[in-house]
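We will walk through the model one stop at a time.

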Amino acid sequence: MKATSLILMALSLLTAVNAHGRRKKSTQQPQPQPEAWPEEVPDYAPVPSVDPTALPTVELPMPSPFTEMADDELVEYLMCQPIMGEPMIEPEVLQRFVARHNPDFDPAIAEAYISVGRRYGIRGDIALCQSILETGWFKFSDGTMVSPDQHNYCGLGVTKRGERGSSFATIEEGVTAQIQHLYAYACAEPIPEGETLLDPRFKLVTRGVAPTWNDLSGRWAANDRYARSILKLYVQLHRFNQP
């Protein structure tokens, strides 16, 4: 009898505990579940790769001796400059420069000095100043040994007073012969491919003996101030071209 009572009491207590647990559980609020984390996003924008060769280059203006030097100093500076190089003056400026002294000057001559000079890598703008000196502003007067119809703009072949010098069929040929003669003095390379040798005295030059303008003095002409006279004209040309 006592054992039965104890078992019944234990079952009653167990039932009460379970009921209490169910009531407690039912009163608890459901816990919020964390939201899913978004995909990882960097807190900065990625820097795109840049090809350095595609960036624009900025060239700072270089000091020019033509703006910083007096005329006499500039002539001395140019005396040591190579005969070979790119021209700095356009044909239109050359034409206007000569036309101030000779209104009949043919613009085709100025064009030829720049175009032919570029084919040979010779400073055609300075070569034209050489011709101004040799032809008296292309007037072929005041004792010039050649005439306009010879298209000889530098006294080629005139080795003594009274000689007529070489003749050429066209402006282009006459300018080419002069440029070739300068080329013979300035370097030892063969003439550019596709060019025809027109200078009759090309092979008489010791190739490459006069790479600078100063080296022409006493060689192209006996006058030891020959190059200086050419470059004085070139300085005048530059001053004429300045705004």
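Here is the tour, starting with the whole chain and moving on to single residues.

**Before you click.** This is a predicted model, so to speak of local features a pLDDT of at least 70 is needed and side-chain atom pairs count only at pLDDT 80 or more, while totals for chains, interfaces and linings use all residues. Numbering starts from 1 along each chain as its sequence is written, and side-chain values use heavy atoms, with hydrogens and water left out.

**Stop 1: the whole chain.** Colour by secondary structure and you will find eight helices and zero strands; helices (H or I, at least four residues) and strands (E, at least two) are DSSP runs numbered from the N terminus. Of the 243 residues, 35% are buried, where buried means under 20% relative accessible area, exposed over 50%, and partly exposed in between (1.4 Å probe, protein chains only). The protein exposes about 15,700 Å², with carbon and sulfur atoms supplying 56% of it; these areas come from the Shrake-Rupley method with a 1.4 Å probe, and for residues only the protein chains shown count as cover.

**Stop 2: the nonpolar core.** Select Leu128, Phe138 and Leu216. Among the 58 residues of the largest nonpolar core, these three touch the most other members. Such a core is a set of buried Ala, Val, Leu, Ile, Met, Phe, Trp, Tyr and Cys residues joined through side-chain atoms within 4.5 Å. H7 gives the largest share of this core, nine residues. Now centre on Leu128: not counting residues up to four places away in sequence, Leu128 touches Leu94, Val98, Phe105, Ala110, Tyr113 and Phe138, contact meaning heavy atoms within 4.5 Å.

**Stop 3: Ser131.** Which helix holds Ser131? Ser131 sits in helix H6, residues 124-135. Ser131 is buried, with a relative accessible area of 0%. Show side chains and draw a distance to Tyr113: the two side chains make a polar contact at 2.4 Å. A polar contact is a pair of N or O atoms within 3.5 Å; within protein, one must be able to donate a hydrogen and the other to accept it, and residues adjacent in sequence count only if both atoms are side-chain atoms. Leaving aside neighbours within four places in sequence, the contacts of Ser131 include Phe138, Tyr153 and Gln178.

**Stop 4: the loop between H6 and H7.** Select Trp137, which lies in this loop. Its phi is near 60 degrees, a positive value in a residue other than glycine. Most residues other than glycine have a negative phi. Trp137 counts as buried at 16% relative accessibility. Phe140 is found in the loop between H6 and H7 too, with a positive phi of about 55 degrees, and is buried at 14%.

Then move to Thr170, in the loop between H6 and H7. Is Thr170 buried or partly exposed? At 34% relative accessibility, Thr170 is partly exposed. The side chain of Thr170 reaches the backbone nitrogen of Glu173 at 3.1 Å. Gln150 is 20 residues from Thr170 in sequence, and the two are 8.3 Å apart in space, C-alpha to C-alpha.
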